[in-house]
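Hi,

Here is the structure I promised to send over. Have a look at it first, and then read on for what turned up.

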Amino acid sequence: MEPSISIKNLALSFGALEVLKDLNLEVAQGEFLVLLGSSGCGKSTLLNCIAGLLDVTDGQIFIGGRNVTWQEPSKRGIGMVFQSYALYPQMTVAGNLSFGLKNARLPKAEIEERVNRAAKILQIEPLLKRKPAALSGGQRQRAAIGRALVRDANVFLFDEPLSNLDAKLRADLRVEIKQLHQKLSNTMIYVTHDQIEAMTLADRIAIMRGGLILQLGSPNEIYNKPVNKYVAEFIGSPSMNFFDGQIDDSSSKFSTGAQVFPLEGYGFKEGTSPKGPAWLGIRPEHMVNGAEAEAAPIRMQGKVELVEPLGSDTLARVSAEGHSLWVRLDGQVSISDGDAITIGFDPARANIFDKTTENRL
Amino acid sequence: MADTDVLPNNTSTGLETSGPRGPRPRPMLSRRNIILYGTLIVIAVYYLLPLYVMIVTSLKGMPEIRLGNIFAPPVEVTFQPWVKAWAEACTGLNCDGLSRGFWNSVRITVPSVIISIAIASVNGYALANWRFKGSEIFFTILIFGSFIPYQVMIYPIVIVLRELGVYGSLTGLVIVHTIFGMPILTLLFRNYFVSVPEELFKAARVDGAGFWGIYLRIMLPMSLPIFVVAIILQITGIWNDFLFGVVYTKPDTYPMTVQLNNIVNSVQGVKEYNVNMAATIITGLVPLIVYFLSGKLFVRGIAAGAVKG
């Protein structure tokens, strides 16, 4: 099937500053793609390029098989939702929804029908006569989504739409966006710096840094097999624990300080048997304690330095063999500062990265 | 007694319940109030006294003025000086008072204000939202324009107006006022439109609105306060202008300020202080009324850029 959006060799620079470099991306019809990265990585810039709000320096953008590189935003068949809602303050919600349709000179009856349909989907019918100032944050964002919805666009672009909302509302609207996607099944590109939004919403996540896509894959792949140390550190909270050490010549042991970890069960890239300096990373939630740790292939004795009870889980900072590690324990476990603890993990859950290139081995 | 103990906790803590509670009392005649209101009253009197003298004098006949009690209220109230200032006072050849100048000033101010604000608001909008190649340089040149003293340009403009064939006419003066209002007004509008969130502008573009669509349907309805500021600035500036009025017009087309000067500064005959005072008040009335009617909006407009991010 033809991709819904395809971006070829896209580059964008402001003067000498290269924001996007030779970027290629294909988004399938109906896919939910999340662009994830810390601020300044170029994710919003990329979205603005797709929307046509920024002129590209080089490359091409296709939407629905049509080359839209030189097209005006309104002619690209997109709907866009902004972080600050960007509702027109002097218009009612109905006015906001119909503004684009009026510009497109649609017949009055059709405008009304589309506005009512969008309002029904988003459950903002009672608010249609109100001005944005009289709405709450969540209602405003719903109205803003409605403005994208009435356009009957094949592609939805979201620019950090939930960042201005409080935590509870953010979680609610996240679910609504996901349901909306299931209902409409159009292509959505969603920019965020929030990894939970990314993991929960995406079919695929593109992790960006410095204007490049570092990894493009399903949330599962990104979480379990990060391509490099940056991605590994970026995804997951608290961050992955890292051991600085050496892989032996037979690629079967990893030595860090006085310790030697067996690497049986770890899947190196096919056909390679790396050796030399490397990082070994293990996520806090893949560490175990107590009896499980005794049975684990890799074990360490440590002391609890800090406990952060979260209710569902308990985070513990453990100092073991000269390393300071985060461990995610069961919520009901009773430990306190200064307790001795045995922790361990299975090398199959670990990630090993080259010391210099920081790429996954 | 146990049932009267509504708050048993209070007794057990031993804290005094009869002590200060609720808002702290602030007596009207505290030292702070006396100093504050005293200062305000003194300053208000200082500024209002000249106005009082003007009004009182304008309502007296000349014999009463010659007595020299400038602070005394009029014994015999007369509106004759006002009538004379408006309809009979002589300026040069014409003896129809300030009324001629008033209508000239209206004919100068109204088109100048409308044209200058219409152009400057579009300028400011384009500079804020539609950055084009060289827009920064254009803006710098425009701002630079507001620092050049007017006197430097008087003669060159005389030549330009003469070549255009509008020297001495109201049209010429309107053109001059429009041009000289441009730097400051453009700066004003640009800074206001820059403070409008960029995403609003982007959303309008996605919605298919063009340059004029966004200006007329999104930006304009949002910027009433800044328009009020611009209107007040321009009305007061143009109405009170003397220099351009005296240079670029002739007696028939003199604005009110020039006429006022001619009445007040006439060297022949008796100095009619009451007529002078009345004429001055009439001339100053228009900016005053404009300010009183829209003062609240003016303050809001000035503050808008600072509060909204």
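Which domains does the domain assignment give for chain A? In this predicted model, chain A has domain 1, covering 5–233, and domain 2, covering 234–354. Taken over C-alpha atoms, the centres of domain 1 and domain 2 of chain A are separated by 38 Å.

Now to the place where they touch. Domain 1 of chain A brings eleven residues to the contact, and domain 2 of chain A brings eight residues. On the domain 1 side, the elements of chain A that give two or more residues are helix H7 (219–224) and helix H8 (229–234). H8(A) gives the most to that side, with five residues. Sorted by class, the side of domain 1 of chain A that touches domain 2 of chain A holds seven nonpolar, two polar and two charged residues.

There is also a sheet to look at in chain A. Its five strands run in the order E13-E12-E11-E14-E20, forming an open sheet with antiparallel pairing. Strands E13 (259–262) and E20 (351–354) of chain A stand at the edges with a single partner strand each, so one side of each has no neighbour in the sheet. On average, neighbouring strands of this sheet are turned by 40 degrees against each other, direction ignored.

Best wishes

Conventions:
Residues are numbered from 1 along each chain as its sequence is written. Chains are lettered from A and ligands numbered from 1 in the order in which they are written. This is a predicted model: local features need pLDDT of at least 70, side-chain atom pairs count only at pLDDT 80 or more; totals for chains, interfaces and linings use all residues. Two strands pair if DSSP finds at least two bridges between them. Helices (H or I, at least four residues) and strands (E, at least two) are DSSP runs, numbered from the N terminus. Axes are lines fitted to C-alpha atoms, for helices over the stretch in contact, and angles run from 0 to 180 degrees between N-to-C directions. Domain bounds come from an automatic or database domain assignment. Two residues are in contact if their C-beta atoms, placed from the backbone, lie within 7 Å. Ala, Val, Leu, Ile, Met, Phe, Trp, Tyr, Cys and Pro count as nonpolar, Asp, Glu, Lys and Arg as charged, and the others, Gly among them, as polar.
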